[in-house]
Amino acid sequence: MDVKVLGSGCANCKALESRVREVLDAQGIDTPIEKVTDFGEIASWGVMSTPALVIDDRVAFTGRLPTIEELRTALTGAPG
Amino acid sequence: MTTTTRAPIRRPIGPWPGVIAATAAWVVAYTVNPDWWEWVVFEIGGLDPDSRLGVAVEFFVYDTTKILLLLVGIIFVVTVVRSFMSVERTRALLGGRREGVGNLAAAGLGVATPFCSCSAVPGFIGFVAAGVPLGVTMSFLIASPMVNEVAIVLLYGLFGWKVAALYVTAGLAIAIVAGWVIGRLRLERWIEPFVFETTLRGQPIDPSAGLTWSDRFAMGRDEVRSILARIWPFLLVGIGVGAAIHGWVPEDFFAEFAGPDNPLAVPIAVVLGIPLYSNAAGVLPLVEALHAKGLAMGTVLAFMMSVVALSLPEMILLRRVLKPRLLATFVAVVGVGILAVGLLFNMIL
């Protein structure tokens with residue numbers, strides 16, 4: 001699985017990264033989280049409001065901090 | 001959070017009883033606030049209502065409670081209303097617009113759209129790469145921070161609805177005119193070239209779609225919590241210094257050198273406001289106290305606008321996409337607009 005957190009270091013971007021980490025660890029998924037901070041690359045995903053989460057080259061969330069449950073559903077494909 | 005704590009939200013009655021109860025509690029608290037603190041400070045606390053200390057203490061606790069209540073109420077309502085909008089929808093709405101009407105629409109949408117200045121750069125690239133004209137994009141980027149809910153709430157709470165309405169009208173006018181002027185100047189060549197080379201891959205998703213009322217209320221609650229967590233120290237310091245000024249600085253102290261007749265007061269206020277970003281919450285209670293001692297209203301509004309619309313951190317961010325000349329033009333055009341509004345209000349108010 002390929003997981004990217006898009007954001008240039010705002011408070012919510014860090015919060016998103018740690019929440020994703022939490023969910024991945026709880027599920028025993030050992031995937032590195034790629035942090036995308038370059039504005040050009042963030043914008044090229046069609047993302048205009050950060051933080052955003054890209055899972056397997058698909059934008060899953062943008063512009064808000066998803067809940068743990070939402071992240072679990074998005075990352076594992078099944079509700080917790 | 002576990003599934004057990006979420007269970008009550010999923011019951012058929014939904015989130016409404018909680019919201020209605022909270023609204024009722026808010027109204028009661030707001031209504032009894034003045035009498036409650038008068039009673040606590042003067043009757044229970046035994047302070048003399050005619051003493052300087054008594055006046056300052058009563059002002060501090062009453063004002064803090066009032067501003068906190070206003071912030072909680074308005075941020076919650078604004079966040080819930082704005083959850084129906086998104087930058088993605090705004091861009092789609094602005095896509096085909098020409099300048100003029102486009103500037104008008106962009107300024108209005110800048111108020112209605114949830115947008116954080118930390119997203120200014122991806123937002124700018126997204127707009128320009130999608131073909132929104134530079135001037136229209138600028139109208140959006142000026143209106144969005146200037147007509148912000150914290151500033152409006154504090155202006156309403158401290159100066160009344162007329163000043164808040166004047167502020168909103170003037171802020172929109174500056175965003176529309178400044179954006180239009182920047183568009184007329186044809187400064188596209190001063191945008192960093194990578195912006196135009198950005199290709200948009202993937203289908204942008206709309207974060208405002210598919211949310212339930214529970215989701216929207218939860219967003220409102222989270223936003224109240226995160227804004228208050230960020231601004232409370234500034235708010236307390238601002239109100240504290242304001243209370244001290246109320247109690248100890250003589251009446252009309254500022255009227256002499258910063259009253260409506262001094263044309264230099266407004267430019268000084270604008271320059272002072274630039275480095276004071278995100279401290280709108282702390283600055284306003286202070287400014288209210290200065291106004292009570294004679295600082296002119298136009299100067300007060302110009303200062304406020306400069307604090308929220310011309311911020312150093314946002315300029316540093318925008319430098320990534322704007323070459324220095326365009327950035328300087330942006331600051332100059334907005335600065336002149338704020339100056340004009342300040343001087344105009346000092347003349348007519």
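Biologist: What is the mean pLDDT of chain A?

Modeller: This is a predicted model, in which local features need pLDDT of at least 70, side-chain atom pairs count only at pLDDT 80 or more, and totals for chains, interfaces and linings use all residues. Residues are numbered from 1 along each chain as its sequence is written, while chains are lettered from A and ligands numbered from 1 in the order in which they are written. With pLDDT being the predictor's confidence in each residue, from 0 to 100, 96% of the residues of chain A reach 70 or more, and the mean is 85.

Biologist: Where in chain A is confidence highest?

Modeller: Helices (H or I, at least four residues) and strands (E, at least two) are DSSP runs, numbered from the N terminus. Confidence in chain A is lowest in α2(A), at a mean of 83, and the highest value, 92, belongs to β1(A).

Biologist: Over which residues of chain B does pLDDT stay under 50?

Modeller: The mean pLDDT of chain B is 84, with 93% of its residues at 70 or more, and its lowest confidence falls in helix α1 (residues 3-6) of chain B, at a mean of 45. Taking two residues as in contact if their C-beta atoms, placed from the backbone, lie within 7 Å, the model has 4 contacts beyond four places in sequence for the stretch that stays under 50, which is residues 1-9 of chain B.

Biologist: What is the radius of gyration of chain A?

Modeller: Chain A comes to 3 helices and 4 strands, following the pattern β-α-β-α-β-β-α along the sequence. The globule rule (2.2 Å times the number of residues to the power 0.38, the radius itself being taken over C-alpha atoms) gives 12 Å for 80 residues, so chain A is as compact as a globular protein of that length, with a radius of gyration of 12 Å.

Biologist: In what order do the strands of chain A form their sheet?

Modeller: Two strands pair if DSSP finds at least two bridges between them. Strand β1 (residues 3-6) of chain A pairs with β2(A) in the parallel sense over 4 bridges, whereas strand β3 (residues 52-55) and strand β4 (residues 58-62) of chain A pair in the antiparallel sense, also over 4 bridges. The pairing is therefore mixed, and β2 (33-36) and β4 of chain A stand at the edges, each with a single partner strand. The open sheet of 4 strands in chain A runs β2-β1-β3-β4.

Biologist: Which residue in the turn of the hairpin formed by β3(A) and β4(A) has a positive phi?

Modeller: The bridge partner of I55(A) in β4(A) is R58(A), and 2 residues lie between the two strands of the hairpin. The positive phi, about 50°, belongs to D56(A).

Biologist: Which element gives the largest share of the side of chain A that touches chain B?

Modeller: The contact takes 18 residues from chain A and 27 residues from chain B, and α2 (39-44) and β4 of chain A each supply at least two residues of the side of chain A that touches chain B. The largest share of that side, 5 residues, comes from α2(A).
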